[in-house]
Amino acid sequence: MATTVPLARARRRPAARVWRDRLPGIVMGGPAVLVFLAMFIVPMFLAFVLSLTDWNGYSLNFTFIGLENYAEAFRNPRTVDAAVFTAVVAFCGTVLCNAVGLFIAALIAGNSRANTLLRTIFFYPYIISALIIGFLWSAMLSPEGAVNGLLGHLGVGPVPFLTEVAFAKASVILTIVWSHFGFNMILFLAGIKSVPTEYYEAATVDGASKWQQFRNVTLPLIAPVFTVNLVLTLVGLLKVYDIVLALTDGGPAGSTQTIVYQILRDSFANSELGFGAAQSVVLLLVTAVLGLAVTFARRGAEKKVAD
Amino acid sequence: MATTTHPTTPVPPPVASGTPAARPASRARRRPAPGVATILKWVVLGLGALVMLVPLYIMVINAFKPQDAIISSPLAITPDTFSLEYLQAALTSEKFNVVKAYGITLLFVALVNLCGIALAAPVAYVIARGRSRWHLGLLLLFVSGLFIPGQVTLIPVVFVLRVLGLINTIPGFILFETAATLPVTIFLFAAYLKTVPRDIDEAAALDGAGKIRAFWSCVFPIMRPVVATIVVLNSISVWNDFVSPQIILGPSSGIYTVTTGVYAAVGEFSTDYTTVFPTLLLAVSPAILFFVLMQRHIIGGLVAGATKG
């Protein structure tokens, strides 16, 4: 509908004038479109094309091998293990970050000075690079690190935080939660503070307890913030890499390798670029599907509030 | 250092004690005995704060201690083990020139902000003012970038940059990082520009300014709040980015950002704590300082970016 009007008008005007009218728009939009095409859209299609080949990243000849790389991705035990661990990290991380973030946000939602200070304390790790967070915790959780030093004083023997499979997996997840829940907390705080105070006053008049107010007033009204928090955390954790590289370097025995760790290792160190590309296309699809699925699933919860 | 800040803190309270401090005091008088719930709440918060702060404390104090003291007493610092030599060694390390890395990373942050905003603002304006299907398509094109993880495109981006001759160069890195900022930037800019009345454009047009000039001289200055949000978001993400500089610039270029430099310096020596802690402390300090100074803007920017994006 919108296009018919300009088209009709264009037919009446000489072509030169049409282009002169369009020129500013093209000059203003062109560069961004070009950069975006070159660095996003073209690479995305290239990733798909490369995923169908056995290219090693530098030789001049490669052959198209169809969907063989995709079949390999579902067969290769390293990739399957990495995918499973990534799923566990993404699921546990999303649940824990949001649970802890919401819990703390509910406790410090007031405007007092102590609360502002606490907000800063809980949030600060978020602005530090994940790589540095990983190195810091790696130093503290090592067999002779600070945490084991403290446990030693309490008479508890050294805990193999990073050297035994189950402990290492838990350490990765808890380190992520430590550094990330502050972000979720900040968004929850913004949501809680945007709830009109009249609602709480009305609830108090009706004799609702603090918990009932939180459950029946706050929680439904911050549903949109909840959705944003879930989607951002989930999508972010599906591509977790830096923190794992620094904390465990995928170990022990490759048990904490994530899918992005696997993609980068295969593409560059192992010179299996085609295989790496296939895995990244799968990750892209999974990310998009999960992101949209959570958004749509949450739409129900958000609608209930609007009604 | 802690003692120098104390004498200054008593100064502000007399100014502030008018209303905000008076209210909590009167409330406290009304309820003299805090309930079990309140005590429990503060115990939980106190323990939580401790868990957050102890790692920072460990990093700071252990940057000034020898290896055996770090291992035997990680939480304590005594005058006889205190030494500036490790911090100095990290500052002057040949493996990782921290000062140079600060400079390079800051330069990258500035360039990506500049390029990203210069590219995104005009196209967001075209999208926000356009009424045709093309403009909506353009917005959708850019927004689709929000769902493409950077790591997924990184492999083929290396390929594209190699074709362009920009692999292992600063322009190549800036190009990629700028493109990575475009989806969020354009989305937020376009949303903001839809709230800016068209009268401003029309007034500029009446004064004879062309479309492009009207945008930069009349509309862009109004976008200040949203530009500030974007600068905060971009600065944090570029400063903390590790994968893209590691792969696009690569160790062969000899150009290290703070993160890739830390990886080069700490990666191999992660059991030599006299290297680890001072290096991490140096790498973290500017970010912490920036955060403390700009906290309100950073948190406001993140909230605005996440809830509108």
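I began with chain A, where the C-alpha centres of domain 1 and domain 2 lie 44 Å apart. The bounds I used are 4-39 for domain 1 of chain A and 70-306 for domain 2 of chain A; such bounds come from an automatic or database domain assignment.

A note on what I am looking at: this is a predicted model, in which local features need pLDDT of at least 70 and side-chain atom pairs count only at pLDDT 80 or more, while totals for chains, interfaces and linings use all residues. Residues are numbered from 1 along each chain as its sequence is written, and chains are lettered from A and ligands numbered from 1 in the order in which they are written.

**Chain A, overall**

I looked up the secondary structure next and found 14 helices and zero strands in chain A. Helices here are DSSP runs of H or I with at least four residues, strands are runs of E with at least two, and both are numbered from the N terminus. How spread out is chain A? Its radius of gyration is 25 Å, well over the 19 Å that the globule rule gives for 307 residues, so chain A is more spread out than a compact globule. For the record, that radius is taken over C-alpha atoms, and the globule rule is 2.2 Å times the number of residues to the power 0.38. Along its principal axes, the C-alpha trace of chain A spans about 80 × 60 × 30 Å.

Burial came next: 41% of the 307 residues in chain A are buried. I call a residue buried if 20 or more other C-beta atoms lie within 10 Å of its own, exposed if 12 or fewer, and partly exposed in between, with C-beta atoms placed from the backbone. I also checked contacts in chain A between residues at least 6 apart in sequence, and 72% of them join residues at least 24 apart. A contact means that the C-beta atoms of two residues, placed from the backbone, lie within 7 Å.

I stopped at Asp249(A), which has a positive phi of about 55° although it is not a glycine. Asp249(A) sits in the loop between α12 (242-247) and α13 (259-269) of chain A. With 17 other C-beta atoms within 10 Å, Asp249(A) is partly exposed.

**Chain B, overall**

Over in chain B I found 16 helices and zero strands. Of its 309 residues, 40% count as buried. Among contacts in chain B between residues at least 6 apart in sequence, 71% join residues at least 24 apart.

A positive phi turned up here as well: Asn168(B), a residue other than glycine, has phi near 60°. The loop between α9 (150-164) and α10 (170-193) of chain B holds Asn168(B). I looked up its surroundings too, and 19 C-beta neighbours inside 10 Å make Asn168(B) partly exposed.

**Domains of chain B**

The assignment for chain B gives domain 1 (20-82) and domain 2 (98-308). Their C-alpha centres lie 35 Å apart. The contact takes seven residues from domain 1 of chain B and six residues from domain 2 of chain B. On the domain 1 side, α4 and α5 (67-72) of chain B each supply at least two residues. That side has five nonpolar, two polar and no charged residues. My classes are Ala, Val, Leu, Ile, Met, Phe, Trp, Tyr, Cys and Pro as nonpolar, Asp, Glu, Lys and Arg as charged, and the others, Gly among them, as polar.

**Helix α4(B)**

I then followed α4(B), residues 36-61, whose 26 residues reach 36 Å from first C-alpha to last, close to the 38 Å expected at 1.5 Å a residue. The expected span is 1.5 Å times one less than the number of residues. Where does α4(B) kink? The kink of about 30° lies at Leu53(B), shortly before the proline Pro55(B); the bend is the angle between axes fitted to the seven residues ending there and the seven starting there.

**Ile230(B)**

One residue of helix α13(B) (224-240) that I picked out is Ile230(B). Why does Ile230(B) count as buried? Because 26 other C-beta atoms lie within 10 Å. Leaving aside its neighbours within four places in sequence, Ile230(B) is in contact with Ile117(B), Thr185(B) and Leu188(B).

**Where the chains meet**

Last entry: 69 residues of chain B are in contact with 66 residues of chain A. Helix α16(B), residues 273-308, gives the most to the chain B side, with 16 residues. The residues of that side divide into 53 nonpolar, twelve polar and four charged.
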